[in-house]
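Subject: Handing over a structure, with notes

Dear colleague,

I am passing the structure below on to you, and I would ask you to keep it open while you read the notes that follow.

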Amino acid sequence: MTEPSLASADASRPDAHLHEAYLREALALARESLARGSSPIGAVLVDRDGTVIARGRNRVGEPQTAERVGDASVAHAEMDVFFQAGKLENPQDLTLYSSLEPCLMCGGASALLEVGRIVWATDDAWGGSGRLLAWSDHPAMQETEIVPCPLPDLEAEGARLFAPEAKRAFPDEGWALWRQRYPAETEGV
Ligand SMILES: [Zn+2]
């Protein structure tokens, strides 16, 4: 079976540098999640002018507060972002940045909300939804552009950051896919 062309990290992509600051912020939020006992995934939502309008991070392992959904299996970074952002205006002008390829829930939510673009630092070879979103012929999932792994250095950083969680949380075949996708970054984990 031929691999889809999504996975290539293309440093020559001319606008790759435009994503750097936002992906770095998502990775910083991911590290904050890890320090607080949640899964290391962070996300930011950016408008057309480049202004960050919402920040979120995984809160699955933390208590729920009045301000933040936590202590729930669905308390993913991208959902945190969407709760913070509230009702989206002109979602087609928004870009969602995530440290990791969004899962089916978060990618599906982004597509159904008609977020214009999703950019992620690192592929999730087991749990990611990018290939589904790209291939889907569902009429509600046609408006979202995806930009996987535009910056190789940050892709590797994100893979190293999430690898222990991938090994812990995913079944053996999931971890095998991670080993295959990121052999250097998962070595010795
Ligand atoms: Zn998710």
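Why does Glu145 count as partly exposed? Glu145 counts as partly exposed because 13 C-beta neighbours lie inside 10 Å, and a residue has to have 20 or more to be buried and 12 or fewer to be exposed.

Please bear in mind that this is a predicted model. The chain averages a pLDDT of 90, and 91% of the residues score at least 70, but over residues 1–11 the pLDDT stays under 50, and the model has 13 contacts beyond four places in sequence for that stretch. Where pLDDT is low, the predicted coordinates should not be read in detail.

To return to Glu145, this residue is found in strand 5, which covers residues 145–148. Leaving aside residues up to four places away in sequence, Glu145 touches Gly116 and Arg117, while its C-alpha atom is separated by 9.8 Å from that of Gly130, which is 15 residues apart from it along the chain. In a regular strand the side chains alternate between the two faces of the sheet. Strand 5 runs parallel to strand 4 (residues 117–122), and four bridges join the two; in one of the pairings, Val119 has Val147 of strand 5 as its bridge partner.

The helices deserve a careful look as well. In helix 3 (residues 104–112), the residues Cys106, Gly107, Ala109, Ser110 and Ala111 are buried, and the helix is followed by Glu114, which has a positive phi near 65 degrees. Two packed helices are described by the angle between their axes and the distance between the axes. For helix 2 (residues 77–85) and helix 3, the axes come within 8 Å and cross at roughly 35 degrees. In this contact, Glu78, Met79 and Phe82 from helix 2 meet Cys106, Ala109 and Ser110 from helix 3, and the residues divide into four nonpolar, one polar and one charged.

In the model, the end C-alpha atoms of residues 17–132 lie 26 Å apart, and the span is 32% helix and 20% strand.

Note on methods
Residues numbered from 1 in each chain as written. Predicted model: local features only at pLDDT ≥ 70, side-chain atom pairs only at ≥ 80, totals over all residues. pLDDT = per-residue confidence, 0-100. Contact = placed C-beta atoms within 7 Å. Pairing = 2+ DSSP bridges. Axes fitted to C-alpha atoms, helices over the stretch in contact; angles between N-to-C directions. Nonpolar A, V, L, I, M, F, W, Y, C, P; charged D, E, K, R; others polar.
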